[in-house]
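Here is a short report on one protein model. Keep the sequence and the 3D view open as you read.

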Amino acid sequence: MNAAVRAVVRMGIYVGAKVYFIYEGYQGMVDGGSNIAEADWESVSSILQVGGTIIGSARCQAFRTREGRLKAACNLLQRGITNLCVIGGDGSLTGANLFRKEWSGLLEELARNGQIDKEAVQKYAYLNVVGMVGSIDNDFCGTDMTIGTDSALHRIIEVVDAIMTTAQSHQRTFVLEVMGRHCGYLALVSALACGADWVFLPESPPEEGW
């Protein structure tokens, strides 16, 4: 995730754009203030190897409501932001698409409320969104590998390597559950990489009496 953040910031600066961090995801967009801060070249130095994301992430119930999206739109317009790069999964990208569809209506409502003027409605008439799929499930078409999949697989292999000697010395069978919700990609690939004897996938559940 941090590699993606770094790439977006530095390419944005390279093409002459003013780039902003929005901390804590949509929650930061709704809350505004210091959650929306300009980023520079040094802001993303030495983060390639760091796990998680330096700009944070949060579930945001407020953004699910029109009132919350209205606040978010107002906070973006105060800084002249009309281009969003959203890195996330199903919820993040679905929210971004809804925000884009509602954008013109939100601007008109802000103008009626006196929060922006008519010139701003025309100037910021379009919201452009780029979606980058962040999902360890690797379950999205059109991309070779979604952001987070390789990192998750790397961690799984590290854990299996650590417990293999314990399992052998104690002559025990270890069952390891990995994440993936409805997708068995991580389970399948880690089983192949680690030489597992059995693998159970949600797409292919075991038969009765296996």
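At 35% relative accessibility, Arg66 counts as partly exposed. The cut-offs are simple: buried means under 20% relative accessible area, exposed means over 50%, and partly exposed lies in between (1.4 Å probe, protein chains only). Everything here comes from a predicted model, where local features need pLDDT of at least 70, side-chain atom pairs count only at pLDDT 80 or more, and totals for chains, interfaces and linings use all residues. Residues are numbered from 1 along each chain as its sequence is written, and side-chain values use heavy atoms, with hydrogens and water left out.

Which residues form salt bridges with Arg66? One is Glu109, with the closest N and O atoms 3.2 Å apart. Glu109 lies in helix H4 and Arg66 in helix H3, so this pair ties together parts that are 43 residues apart in sequence. Glu109 is partly exposed, at 21% relative accessible area. Glu102 also meets Arg66 in a salt bridge (3.9 Å, N to O). Here Glu102 belongs to helix H4 (residues 90-112) and Arg66 to helix H3 (residues 66-78), so the link joins parts 36 residues apart in sequence. Helices (H or I, at least four residues) and strands (E, at least two) are DSSP runs, numbered from the N terminus.

## A salt-bridge network

How many salt bridges does the structure hold? There are 4. A salt bridge needs a side-chain nitrogen of Lys or Arg within 4 Å of a carboxyl oxygen of Asp or Glu.

Another of these pairs is Arg69 with Glu102, whose closest N and O atoms are 2.6 Å apart. Arg69 sits in helix H3 and Glu102 in helix H4, so the pair ties together parts 33 residues apart in sequence. Arg69 and Glu102 are both buried. Through shared partners, salt bridges join Arg66, Arg69, Glu102 and Glu109 into one network. Glu102 has a relative accessible area of 16%.

## Two nonpolar cores

Now look inside. A nonpolar core is a set of buried Ala, Val, Leu, Ile, Met, Phe, Trp, Tyr and Cys residues joined through side-chain atoms within 4.5 Å. The largest one has 28 residues, and Met29, Phe63, Leu76, Leu84, Phe99, Trp103 and Ile116 touch the most other members. Helix H2 (25-31), H3, strand E3 (83-88), H4 and helix H5 (118-123) each give two or more residues to this core. H4 supplies the largest share, 7 residues. A second, separate core has 8 residues, among them Val5, Val9, Val19 and Ala39.

Take Met29. Contact means heavy atoms within 4.5 Å. Leaving aside neighbours within four places in sequence, Met29 is in contact with residues including Ile22, Ile36, Phe63, Leu76, Leu84 and Phe99.

## Tyr26 in helix H2

Tyr26 is found in helix H2. Is Tyr26 buried or exposed? At 13% relative accessibility, Tyr26 counts as buried. Beyond neighbours within four places in sequence, Tyr26 is in contact with Cys60, Phe63, Val86, Ser92, Gly95 and Ala96. The C-alpha atoms of Tyr26 and Ser57 are 8.1 Å apart, though 31 residues separate the two along the chain.

## At the surface

Met11, Tyr14 and Val15 form a nonpolar patch on the surface, with about 390 Å² of accessible area together. Patch residues have over 30% relative accessible area and no salt bridge; like charges are joined within 9 Å, and nonpolar side chains (Val, Leu, Ile, Met, Phe, Trp, Tyr) within 5 Å. Areas come from the Shrake-Rupley method with a 1.4 Å probe, and for residues only the protein chains shown count as cover. Val15 is in the loop between helix H1 (2-14) and strand E1 (19-22). Val15 is exposed, at 58%.

## Two positive phi angles

Most residues other than glycine have a negative phi. Ser46 is not a glycine, yet has a positive phi of about 60°. Ser46 is in the loop between strand E2 (36-39) and H3, and is exposed at 59% relative accessible area. Gln171 also has a positive phi, near 50°. Gln171 is in the loop between H6 and helix H7 (185-194), and counts as exposed at 72% relative accessibility.

## Confidence

The chain averages a pLDDT of 92, and 100% of the residues score at least 70. The pLDDT is the predictor's confidence in each residue, from 0 to 100. Among the elements, helix H6 (residues 149-170) has the lowest mean pLDDT (90) and E1 the highest (97).
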